[in-house]
Amino acid sequence: MSEHPQVASDFSSPQTIEIVGITYRQLDYWTRTGLVASTARVAEGSGSRRRYSYNDLLELKLIKRLLDEGIGLQRVRQVFDYLRDELGENVASADLVINGNQSLLVRTDEQILDALRQGQGALYLRMEGLIEEVDAAVRELPVAKFPPVGASVPQEGFGMAQTGT
């Protein structure tokens, strides 16, 4: 896999929803219900903010793609349980074929063909394609809109000029 272009080691919720193409409500629900985790930083108490790692972005992009392909959220949860059991934390290390109620990890062209031959209606998700989409979205993040990790943010917030005192 290629070198990832991320400019920060973690991403805020607004950056995450922009990169993945989901709503804040989806991100919050999926995180609160344990479908994904904000592994860079968990929100602990009032005023703290979740931060998502690059791998979290890949998981979120895969969830979105599965839902876009018409797979129900309960089935998506089953797929992710399978992926995590088989791959641990790196769910993007193999391609995924979903054939009916069966999820298969494939790493070679031969395995892909075998999996697709097993039945009609198989869905093949090429992880490299998802990685390329996430990488492109990270590169397109507006720098001024999202300050670097650890940068001090003015009390007024982003983009607001401070008036004279």
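Q: Which side chain does Arg65 meet in a salt bridge, and what makes the pairing one?

A: In this predicted model, the side chain of Arg65 meets that of Glu133 in a salt bridge with an N to O distance of 2.6 Å. The term requires a side-chain nitrogen of Lys or Arg within 4 Å of a carboxyl oxygen of Asp or Glu, so the pair qualifies. The two partners belong to distant parts of the chain, with Arg65 in helix H3 and Glu133 in helix H6 (residues 127-139), 68 residues apart. Helices (H or I, at least four residues) and strands (E, at least two) are DSSP runs, numbered from the N terminus.

Q: What are the ground rules for the numbering and for the features reported here?

A: Residues are numbered from 1 along each chain as its sequence is written, and because the model is predicted, local features need pLDDT of at least 70 and side-chain atom pairs count only at pLDDT 80 or more, while totals for chains, interfaces and linings use all residues. Side-chain values use heavy atoms, with hydrogens and water left out.

Q: Why is Arg65 called partly exposed, and how is Glu133 classed?

A: Buried means under 20% relative accessible area and exposed means over 50%, with partly exposed in between (1.4 Å probe, protein chains only). Arg65 has a relative accessibility of 23% and therefore counts as partly exposed, and Glu133, at 31%, is also partly exposed.

Q: Why is Asp68 called exposed, and what is its place relative to Lys64?

A: Asp68 has a relative accessibility of 51%, and so it counts as exposed. The side chains of Asp68 and Lys64 meet in a salt bridge at 2.8 Å, N to O. Because they are four residues apart in helix H3 (residues 54-68), Asp68 and Lys64 are separated by about one helical turn.

Q: What makes the link between Arg51 and Asp10 a polar contact as well as a salt bridge?

A: The side chain of Arg51 makes a polar contact with that of Asp10 at 2.4 Å, where the term denotes a pair of N or O atoms within 3.5 Å; within protein, one must be able to donate a hydrogen and the other to accept it, and residues adjacent in sequence count only if both atoms are side-chain atoms. The side chains of Asp10 and Arg51 also meet in a salt bridge, again at 2.4 Å, N to O. This pair joins distant parts of the chain, since Asp10 lies in the segment before strand S1 (11-12) and Arg51 in strand S2, 41 residues apart.

Q: Is Arg51 buried or exposed, and how do you know?

A: Arg51 has a relative accessible area of 14%, and therefore it is buried; Asp10 is buried too.

Q: How do you know that the span of H3 agrees with expectation?

A: The expected span of a helix is 1.5 Å times one less than its number of residues. For the 15 residues of H3 this should give 21 Å, and its end C-alpha atoms are 21 Å apart, so the two agree. Just after H3, Gly70 takes a positive phi of about 95°.

Q: What makes a set of residues a nonpolar core, and which element supplies the largest share of the largest one?

A: Such a core is a set of buried Ala, Val, Leu, Ile, Met, Phe, Trp, Tyr and Cys residues joined through side-chain atoms within 4.5 Å. The largest has 34 residues, and those with the most contacts inside it are Ile19, Leu60, Leu62 and Leu66. Its largest share, seven residues, comes from H3.
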